[in-house]
Structure formats: C-alpha cells, structure tokens
Amino acid sequence: MGLREAKKYIETLRKKQDNPFLWPDFLTGLPDRAAVLKKLDSVYPRIGKHSIAYVRIANVHPFILKYGSQLHAEVIQWTAAILKTVVSGKKGGFVGTVGTHDFVVIAATGEIRKILRESNNLFKKKMLSLYNSDDRKRGYVISFKRDNGESMEIGFMKLVSALVSSMPEIDRLNLIPALERFCRGLEETGEDIKEFEKNDQEGEE
C-alpha cells in the first residue's frame, strides 16, 4: 500500500462523484436531491410522456408532537420503501428524496396517478397501525379551536402529491422549489393529488 493505491482510490472516488446515483440518501437508501436534479435534466424535455410528482408526508408533525420522535425514522423509511416498491418494475420509473419528508416520483404519464394512489393507500394502512386505539376510533390525532372559535381536527398521516404531466411554464431549475411550495399548500386543502397547473405556476415567475 502506498501513494499509488491512494491515487487509485481518489480516481475511483472522482468517477463515483460524477454519478450521484451511486451515493444514496443514508436514511432511505433512495437517490438524494443531487441525483433527483440530474434525473430531472434528462426527463424535463419529455414531460408529457413522463410525469413528475412531488410527494410529501402530510400530518407528520402532529404525529411526532403527540407520539414522540422515536418512530420518525420508521415513518420516513416506510414511505421510501412503499414508493420504491410500487414504482419498481415500471419502465422509466424513478423515486428519489429531496427532503426529510419529501420525495420525487417520475413515471409514465399513463401510470403515475395509479402509482400515487396505490402508494398512498399502502402508506395510510401502515401508518394507521402506529396510532393508538383511541385516536383510531376518534379519527383524528389533535384537536384545537382557532381564535374565531372554529374547531379544528388534525387527522392521520397520508401522502400528498403535486403532479406535473404537461410541460410547465416554469424553467427546470425552479420546478422542484415551486412544487415543494405547492405541495405544502395541499396539506391545508385535504386533496391527495393535484395537478400543478398554469394558474398555479403564474405566481412562481
């Protein structure tokens, strides 16, 4: 062993560094944000044939607040496992992580809604087992009253998805941040899947 071997290691390392798909996210094992952006480079010109979905775990913070953080990693890993399993085998299918509770799914436009619905159904079924029987019977985790006296009930975790299935009027570099903001808003609406449409994009210019 010596400098020759050390040099070989660096050469191999640099080759790997050129390919972010070889460096998965530690917690999920999925391609990380750098790999997602690289994948987006190749898929963006073909949006229409392929669709992009920004997927977020909704209502995870109330769960952590009530049940503690000891199951936090399990929630994230189950999300990754479910998305990866459902996408697996789909031609051109891809799943990556872009944040602690945020994922990107790429698949053929004709299949992506089915993928998202199936993933969400499996996710909700698994996550329901993490709540206690009292919460399951009530149908919500936390309740409170707004300043105006309106009662609010925070339900169980689910997946919400912002979907792009036609060429967006927003450039590639701004697409993921715009989808992230849009997907956060979906947590408030109760919708599970919503198309990121032209009128939603106008505020992103």
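Q: How many helices and strands are in the protein chain?
A: This is a predicted model, and its protein chain has 8 helices and 7 strands.

Q: What does the C-alpha trace span along its principal axes?
A: About 70 × 45 × 35 Å for the protein chain.

Q: And what share of the residues is buried?
A: Of the 205 residues in the chain, 39% are buried.

Q: What about the accessible surface, how much of that belongs to carbon and sulfur?
A: Carbon and sulfur atoms account for 51% of a surface of about 11,700 Å².

Q: Switching to contacts: of those between residues at least 6 apart in sequence, what percentage joins residues at least 24 apart?
A: That comes to 70% in this chain.

Q: OK, charges. How far apart are the mean positions of the positive and negative ones?
A: They sit 8 Å apart, with 33 positive and 28 negative charges counted in the protein chain.

Q: How many salt bridges does the structure hold?
A: There are 9. One of them pairs the side chains of R172 and D41, at 2.5 Å from N to O.

Q: Which helices does that pair tie together?
A: R172 is in helix α7, residues 172-189, and D41 is in helix α2, residues 33-43, so the bridge connects parts that are 131 residues apart in sequence.

Q: How accessible are R172 and D41?
A: R172 is partly exposed at 31% relative accessibility, and D41 is also partly exposed, at 39%.

Q: What does R113 pair with?
A: E195, in a salt bridge with an N to O distance of 3.6 Å. This pair links distant parts of the chain too: E195 belongs to strand β7 (residues 193-195) and R113 to helix α5 (residues 109-128), 82 residues apart.

Q: Is E195 buried or exposed?
A: Buried, because its relative accessibility is 15% and the cut-off for buried is under 20%.

Q: Which residues do salt bridges with shared partners join into a network?
A: R56, D102 and E187 are joined into one network that way.

Methods: Residues numbered from 1 in each chain as written. Predicted model: local features only at pLDDT ≥ 70, side-chain atom pairs only at ≥ 80, totals over all residues. Heavy atoms only, no water. Helix = DSSP H or I, 4+ residues; strand = E, 2+ residues; numbered from the N terminus. Buried < 20%, exposed > 50% of the residue type's maximum accessible area, 1.4 Å probe, protein only. Contact = heavy atoms within 4.5 Å. Areas by Shrake-Rupley, 256 points an atom, 1.4 Å probe, with all protein chains shown as cover. Lys, Arg positive; Asp, Glu negative; His and termini not counted. Charge placed at Lys NZ, Arg CZ, Asp CG, Glu CD. Salt bridge = Lys/Arg side-chain N within 4 Å of Asp/Glu carboxyl O.
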